[in-house]
Amino acid sequence: MPHTHLTQPLGPEIDAYKAKFEELLGYEEATRWDAFKERLELWDMEKLREEGYVLTGLRGYWKKERQGGKPVAVFSLVDSEIEWNRFDAGSMITICREHPLTGKDEPIPGTVVFKTSSAIHVAFEDKALFDEQEALLEEGEWRLDFGTNDVTFRRMRAAIDALNHDPADHEFAEMAGGGEYMLRGTFLRDALLRSFKPVPDAQTPSSEAPVPTEREPAEPLEARTSPPEPEAAIQSEGSVEETQPLLTAPDPPAEINQAEPERMPTGVFSSNQLIQSWAHRYRRPNPIVIEGDPVLPLNETQTRAIAMMLSERLSLVQGPPGTGKTKTIIEAIRLLKAHFEVPEPLLVATYTNVAVDNLVGGIVAAGLKALRVGGEELPQRPGLENHTLEVKIAAHPLQRQVEKLEKSIDQLAEKRREAIEYARKVKDSKLTEQARNMFKEQLVRMRMKKFAIRNTMIHDIVSKADVICTTCLTSAVSALNVVDFPVVFLDEASMCTEPASLIPLMKGARHVALIGDHKQLPPVITSAEAQAGGLGKSLFERLTEEGDTPTIMLDMQYRMHPSISRFPSAQFYNRTLRDGTVDKAGKVRASLVPPKSTLLDDEQENELQSAKERLSVVFVDHAGGESKKDRSRINAGEAQIVCGIVEDLLHSNPTMTGDDIGIIAPYIAQIRLLDRLLKQDPEQAARFESTIGAHRAMQMANIEVKTVDGFEGREKEVIIFSTVRNNPQGAIGFLADGRRLNVGLTRARRALFVLGNAGTLRDGRGGLRDAGGLVLTGGGDKVWKRYMEWLEKERLIRRWAGGSFLPLGLGNKITS
């Protein structure tokens with residue numbers, strides 16, 4: 001039995017923690033549900049379809065093969081293609097016959113796994129969901145709603161509740177019959193709850209809304225809030241404190257990675273003398289190397305980060321853009337498993353499925369046995385399919401028994417459906433009730449037997465893996481309840497809400513490393529109350545601010561041309577982010593030479609490059625006005641300039657492909673417009689073919705157009721950033737988030753084009769205001785001001801004047 005708040009030492013801290021986060025999760029869940037409900041109640045069907053939230057008149061059938069162990073249904077229209085919609089892979093949806101709120105049957109939840117212009121593929125937990133409603137998928141028409149469900153919130157609340165469990169109470173316990181007791185909770189409660197300790201005669205600070213504090217003058221102000229969608233942004237008059245201007249003489253860089261004082265090792269590996277000897281020596285600059293030390297393909301700071309992670313039970317690794325966070329994690333795992341041969345199972349949890357794929361690929365390439373759990377039904381990187389749990393289950397000797405059971409279950413369920421259908425036809429209520437109860441007990445017993453066999457297979461597979469890779473939310477699945485996970489690496493930790501970060505820790509964790517960057521994307525929060533209360537602050541950021549957890553920052557970037565990284569390094573990292581993309585003579589790596597472009601071909605000298613070198617950063621200043629579209633914003637003139645830049649790049653660089661180009665826009669309406677112009681508009685398609693040829697024009701289909709969030713953790717050779725905003729009020733709304741600006745400016749490797757109105761961005765105002773009038777500003781307005789000052793100082797602003805800088809006669813399409 002877990003302790004109560006009266007008997008356990010951390011009872012008051014746990015109570016304070018639960019009170020805070022359960023309230024904030026309540027606000028967030030209510031806001032998401034209200035938005036879903038408001039759409040369905042207030043919007044007519046035409047608007048729901050136009051905005052991509054609903055698809056109707058769909059016919060469905062079951063695919064023969066399961067994906068990720070889940071049954072998959074395919075939905076399509078009988079005589080036409082499916083219109084534009086938001087149902088991308090990974091989207092949560094609900095399916096029903098009528099209306100999800102007023103229909104007679106409960107909507108069935110599912111997850112989109114794949115979509116084309118003609119079909120949507122949806123995975124469901126079990127076909128039994130349809131059996132319970134006596135619904136035959138192949139009959140009649142279905143409606144799909146882009147929706148919400150409570151699974152995420154249930155898992156986060158369960159993780160908070162697990163704080164009541166002290167795993168030390170059951171560490172050596174055995175279950176009846178000799179079974180192994182699976183630990184719940186974490187051994188790190190004292191470190192995680194330190195700031196929730198009651199303060200005598202005062203209110204606990206951590207239970208209040210966070211109060212912004214003044215930072216050191218040398219540190220730029222970072223964003224403190226961020227709305228999940230641009231449409232949610234509310235313009236405000238709020239301002240933030242001024243910080244040191246970017247263009248003044250800098251203070252000396254902060255000594256964030258200097259040698260630390262001696263610390264006693266803590267955590268799982270504290271008694272392993274081999275590990276501690278290595279970690280003690282390599283945690284310092286210029287370590288003493290002894291014979292037998294592993295040679296790591298890392299820089300000094302990355303190696304020191306691993307040494308810290310192995311010697312501390314709780315640690316933080318900050319990884320700015322392009323600094324090799326994933327590589328550092330993989331090398332830490334390889335060191336533990338291949339060199340030190342530790343027996344403990346390792347769990348790596350991330351925020352996104354893309355990050356899981358990257359880790360699995362890297363771990364497999366390092367010669368280790370990686371197992372991907374969850375998300376197997378979603379599209380994955382080629383070559384990783386054989387490392388998923390479901391593929392290994394399919395190859396397990398016991399799987400034939402499961403398949404026989406599944407066949408028997410399907411046959412009985414079909415007989416039950418037929419009996420119910422017959423009873424309804426003859427309108428015999430007594431017979432209908434009998435049919436509903438037919439095979440009910442048999443089906444329950446067979447499903448329980450199937451579950452038991454499956455669990456046996458999962459335990460066998462998980463136990464043989466070197467490392468388990470999953471997302472934070474998926475780490476709650478029952479498949480990972482078969483063993484304890486004392487060692488956890490939490491990647492993308494700054495993107496997770498704190499309750500989500502707890503989920504992978506509640507499996508007996510006693511040694512945890514959090515890897516992230518609180519200067520990049522924060523958790524996505526929709527509720528103003530939840531944001532004000534601190535739900536938008538990740539566990540990574542909270543521990544960083546508290547200053548009690550050992551921390552190191554990776555300080556060498558290997559992604560960007562130095563001129564692209566220069567502003568982000570100064571603005572967000574106090575000039576401590578160094579360039580690993582130049583040689584000792586200061587020459588930029590050949591692979592990062594900017595592409596040919598009318599806008600980048602420049603013979604001016606500036607501080608970033610010598611005469612006659614091509615630019616890698618340029619801002620296109622134009623007068624094309626923005627306009628509102630429902631709750632979003634659009635800038636048609638700017639969209640045409642984007643098309644012109646893409647044309648120019650594909651025309652001037654024969655080897656460049658659409659996959660090399662990424663387009664970022666902060667507003668959904670602008671993304672839809674750009675996607676249509678590049679891929680669907682007949683007039684624009686004819687123009688592309690006439691200017692760059694039909695073969696090159698085919699590359700347009702491969703260009704990704706997404707929000708900043710869609711490019712987190714990724715990179716492109718070229719990024720075109722469409723800011724959209726241009727208005728006399730200087731309102732920049734959703735752009736007023738410095739962290740999102742940081743991500744937007746650091747995705748490009750070779751060239752960055754930023755489009756917008758220089759006056760609006762230089763003098764812009766932005767932020768959020770909640771219902772009570774509390775300003776939740778992200779500081780992005782000040783950062784944009786500094787960015788525009790920097791661009792002007794470096795002479796990187798190009799004034800749009802009806803086509804002066806772009807080829808192919810584009811100018812006559814722009815209002816300037």
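Colleague: How exposed is Arg157?
Modeller: Arg157 is partly exposed at 24% relative accessibility, where partly exposed lies between buried, under 20% relative accessible area, and exposed, over 50% (1.4 Å probe, protein chains only). This is a predicted model, in which local features need pLDDT of at least 70, side-chain atom pairs count only at pLDDT 80 or more, and totals for chains, interfaces and linings use all residues. Residues are numbered from 1 along each chain as its sequence is written, and side-chain values use heavy atoms, with hydrogens and water left out.

Colleague: Which side chain does Arg157 meet in a salt bridge?
Modeller: That of Glu29, at 2.9 Å, N to O; a salt bridge is a side-chain nitrogen of Lys or Arg within 4 Å of a carboxyl oxygen of Asp or Glu. The pair links distant parts of the chain, 128 residues apart: Arg157 is in helix 4 (residues 151-161) and Glu29 in helix 1 (residues 11-42). Helices (H or I, at least four residues) and strands (E, at least two) are DSSP runs, numbered from the N terminus.

Colleague: And Glu29, what is its relative accessible area?
Modeller: Glu29 has 22%, so it is partly exposed.

Colleague: Changing topic, is Lys716 buried or exposed?
Modeller: Lys716 is buried, with a relative accessible area of 7%. Lys716 forms a salt bridge with Glu704, the closest N and O atoms being 2.9 Å apart. Lys716 lies in strand 23 (residues 716-722) and Glu704 in strand 22 (residues 704-706), so the pair ties together parts twelve residues apart in sequence.

Colleague: How many salt bridges are there in the whole structure?
Modeller: The search finds 45.
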